[in-house]
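Me: I've got this one open and want a quick walk through the fold. Can you take my questions as they come?

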Amino acid sequence: MKLISAGETAANTNMSVEAGEDLVRIGEMAKKYGVTLRTLRFYEDKGLLNPQRDGSTRLYTRRDKARLKLILLGRKVGFSLRDVKQMMDLYDPTGSNTKQLKLALDKSEKQLARLQKQRALIDDAINELSGSMSAVRRMLTERSAPQASAVS
């Protein structure tokens, strides 16, 4: 099993963790997914990720990559880390995952309702602001028109 190392082939080592599984160091993981090292450590502290260790080096598996994708998707749509963890912790690779799917659907429906409410509030704010800006433009036009004719 080869350890993938960005730009550092000398650091590649053969490790027998799971046959054929590539492990990725924390720096590569962070770069690939656009997060900071601190973020990855934070997710580990919260029990969302569980990288393997080779001394003090964190090594991320395919499972960790999949979990990080789910975490980032959950955060993008507004789920709390607690919600994301609850949904991921219910995953059972040998089961039907009915409980997990039901929880995910329930949380998703509630989050969709929150987002739609936020969208309505944002649309109202945009309309108010656009109306105010139009009024200010009219006032500026009215006030600059007499000055232009006085100069002529």
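Predicted model: local features only at pLDDT ≥ 70, side-chain atom pairs only at ≥ 80, totals over all residues.

Me: How many helices and strands does the protein have?

Reply: Five helices and four strands. From the N terminus on, the order is β-β-α-α-β-β-α-α-α.

Me: And what share of the residues is buried?

Reply: Buried residues are 26% of the 152 in the protein.

Me: OK, helix pairs. At what angle do α1 and α2 cross?

Reply: At roughly 105°, and their axes come within 9 Å. The two helices are therefore roughly perpendicular to each other, since angles of 65 to 115 degrees count as such.

Me: Which residues make that contact?

Reply: I26, G27, M29 and A30 come from α1, and L37, L40 and R41 from α2. By type, the residues of the contact of α1 with α2 are five nonpolar, one polar and one charged.

Me: Stay on α2. Which of its residues are buried?

Reply: L40, Y43 and E44, in a helix that covers residues 37-45. These three span an arc of only 105° around the axis, which puts them on the same side of α2.

Me: What's exposed on the other side of α2?

Reply: R38 and D45 are exposed there.

Me: What do the buried residues of α2 pack against?

Reply: Several elements. They pack against α1 (26-33), β3 (52-54), β4 (57-60), α3 and α4.

Me: Which residue with a positive phi follows α2?

Reply: G47. Its phi is near 80°.

Me: Next pair. How do α3 and α4 pack?

Reply: Helix α3 (residues 62-76) and helix α4 (residues 81-89) pack at about 140°, with axes 9 Å apart. They are therefore oblique to each other. The cut-off for roughly antiparallel is over 145 degrees.

Me: Is the crossing of α3 and α4 left-handed or right-handed?

Reply: Right-handed.

Me: Which residues meet there?

Reply: From α3, R67, L70, I71, G74 and R75. They meet L81, V84, M88 and D89 of α4. The residues of the contact of α3 with α4 divide into five nonpolar, one polar and three charged.

Me: R67 is on that list. Why does R67 count as buried?

Reply: Because its relative accessibility is 10%, and the cut-off for buried is under 20%. R67 sits in helix α3.

Me: Which residues of α4 are buried?

Reply: L81, D83, V84, M87 and M88. They cover an arc of only 160° around the axis, which puts them on the same side of α4.

Me: Now the loops. Where is F79?

Reply: In the loop between α3 and α4.

Me: Is F79 buried or exposed?

Reply: Buried, with a relative accessible area of 7%.

Me: What does F79 touch?

Reply: Not counting residues up to four places away in sequence, F79 touches G74, V84, M87, K107, S108 and Q111. V84 and M87 are among the buried residues of α4.

Me: How far apart are F79 and S108?

Reply: They are 8.5 Å apart in space, C-alpha to C-alpha, and 29 residues apart in sequence.

Me: Last one, N97. Where is its place?

Reply: In the loop between α4 and α5 (98-151). N97 counts as buried, at 15% relative accessibility.

Me: Which residues is N97 in contact with?

Reply: L90, Y91 and D92, leaving aside neighbours within four places in sequence.

Me: What about phi of N97?

Reply: Phi is near 60° for N97, a positive value in a residue other than glycine. Most residues other than glycine have a negative phi.

Definitions and conventions. Residues numbered from 1 in each chain as written. Heavy atoms only, no water. Axes fitted to C-alpha atoms, helices over the stretch in contact; angles between N-to-C directions. Parallel < 35°, antiparallel > 145°, perpendicular 65-115°, else oblique. Left-handed = near helix turned anticlockwise from the far one by under 90°. Contact = heavy atoms within 4.5 Å. Nonpolar A, V, L, I, M, F, W, Y, C, P; charged D, E, K, R; others polar. Buried < 20%, exposed > 50% of the residue type's maximum accessible area, 1.4 Å probe, protein only. Arc of directions from axis to C-beta.
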